[in-house]
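I opened this notebook to keep track of what I looked up, one place at a time. My entries are meant for someone who is meeting the structure without earlier notes.

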Amino acid sequence: IGLASICFAATSDAAPIGVSAYDVTNTQPSGFGGWSHVYTGTITVNPDGTVNETGGSGTLNDGLIGTSYTDTHLFYNSSTNDNTSFDLYLSQSAYVNSISLYSFFGQNSIPGNITGVNVTINGNSGFFSTTGFGPLNLYTGVPVHELINLARTGLDTLLTNQITLWGFVSTGSYAAYSSISEVTVNGNAQNPVP
C-alpha cells in the first residue's frame with residue numbers, strides 16, 4: 001500500500017464527534033451589540049466587562065445553525081481587544097480531522113470573516129487558514145461558514161477529548177469581530193475499553 005492510500009484510509013473513516021460542553025474566555029456577554037447567545041454554565045464578569053463562560057453548553061453545541069444575530073455568538077478576535085478563546089470538550093476521545101465553524105446567512109457583514117485560527121490539541125498548537133463554505137454573505141460575497149482542516153498536519157494524530165481555538169484572524173470592515181453559531185468536529189472516535 002502506498003503512502004497516499006494510507007493517508008486516505010486514515011481520513012476516510014471520519015465521522016461527527018459530539019461536543020458535549022465548552023468554555024469561552026474573554027468574550028462579550030450575550031446582548032452586546034444586539035447579538036445574543038445562550039450558555040448554561042457559570043458566567044463570570046471580568047473587570048473590563050468581558051465574561052468567562054465555564055462548565056456548560058449552549059449556542060455553539062445545540063445542534064442548530066444560527067439564522068440571525070439573535071442566535072449567534074459575537075466575539076472580538078483582535079489581540080488588542082479581548083482575544084476570545086474557546087475550549088471544546090468532546091463526548092469521546094478522537095483523532096480530529098476537521099472543525100467547522102458555522103455563522104448565519106443574512107444581511108450582516110460579520111458572518112464569514114474568519115480567515116484563520118490557532119488550534120491547540122494536547123499542548124501542541126498550529127495556526128490554520130480557514131476555507132469558506134456554504135451560502136455567500138449578502139454584503140461581502142464570501143461564504144458564511146469556515147472549515148479548519150487538520151488532516152495530515154500532525155494534530156490529527158493526537159488522541160484527544162479537548163480542543164482549544166484561539167487567536168482568531170479575520171478580514172473585512174468589521175475585522176475585530178467574528179461570529180459563530182455552531183461548532184462541529186469530525187474525526188475518528190476511539191471507543192473506551194470496557
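**Entry on the model.** I noted before anything else that this is a predicted model, and I kept that in mind while reading each of the values below.

**Entry on the hairpin of E3 and E4.** I looked up how strand E3 (residues 42–45) and strand E4 (residues 51–56) are arranged, and found that they pair in the antiparallel sense over four bridges. For isoleucine 43 I found glutamate 53 as the bridge partner in E4. The two strands form a hairpin with five residues between them, and in the turn I noted glycine 49, which has a positive phi of about 95°.

**Entry on the hairpin of E9 and E10.** I then turned to strand E9 (residues 131–136) and strand E10 (residues 143–149), which run antiparallel and are joined by four bridges. Threonine 131 has leucine 147 as its bridge partner in E10. Six residues lie between the strands of this hairpin, where glycine 141 takes a positive phi near 75°.

**Entry on threonine 160.** Threonine 160 lies in strand E11, which covers residues 159–170. I recorded threonine 160 as buried because its relative accessibility is 3%, and buried means under 20%. Its side chain reaches the backbone oxygen of glutamine 162 at 2.8 Å. Leaving aside residues up to four places away in sequence, I listed the residues that threonine 160 touches, among them Leu90, Val96, Ile121 and Asn122.

**Entry on the aromatic residues.** How many aromatic pairs does the structure hold? I noted ten, and I followed up one aromatic cluster, which is formed by Phe32, Tyr76 and Tyr177. Tyrosine 177 lies in strand E12 (residues 177–180). Not counting residues up to four places away in sequence, tyrosine 177 touches several residues, including Phe32, Phe75, Tyr76, Ile110 and Ser170. For tyrosine 177 and phenylalanine 75, which are 102 residues apart along the chain, I noted a separation of 5.6 Å between the C-alpha atoms.

Definitions and conventions:
Residues are numbered from 1 along each chain as its sequence is written. This is a predicted model: local features need pLDDT of at least 70, side-chain atom pairs count only at pLDDT 80 or more; totals for chains, interfaces and linings use all residues. Side-chain values use heavy atoms; hydrogens and water are left out. Buried means under 20% relative accessible area, exposed over 50%, partly exposed in between (1.4 Å probe, protein chains only). A polar contact is a pair of N or O atoms within 3.5 Å; within protein, one must be able to donate a hydrogen and the other to accept it, and residues adjacent in sequence count only if both atoms are side-chain atoms. Contact means heavy atoms within 4.5 Å. Two strands pair if DSSP finds at least two bridges between them. Rings of Phe, Tyr and Trp (its six-membered ring) pair if their centres lie within 6.5 Å; planes under 30 degrees apart count as stacked, over 60 as edge-to-face and the rest as tilted.
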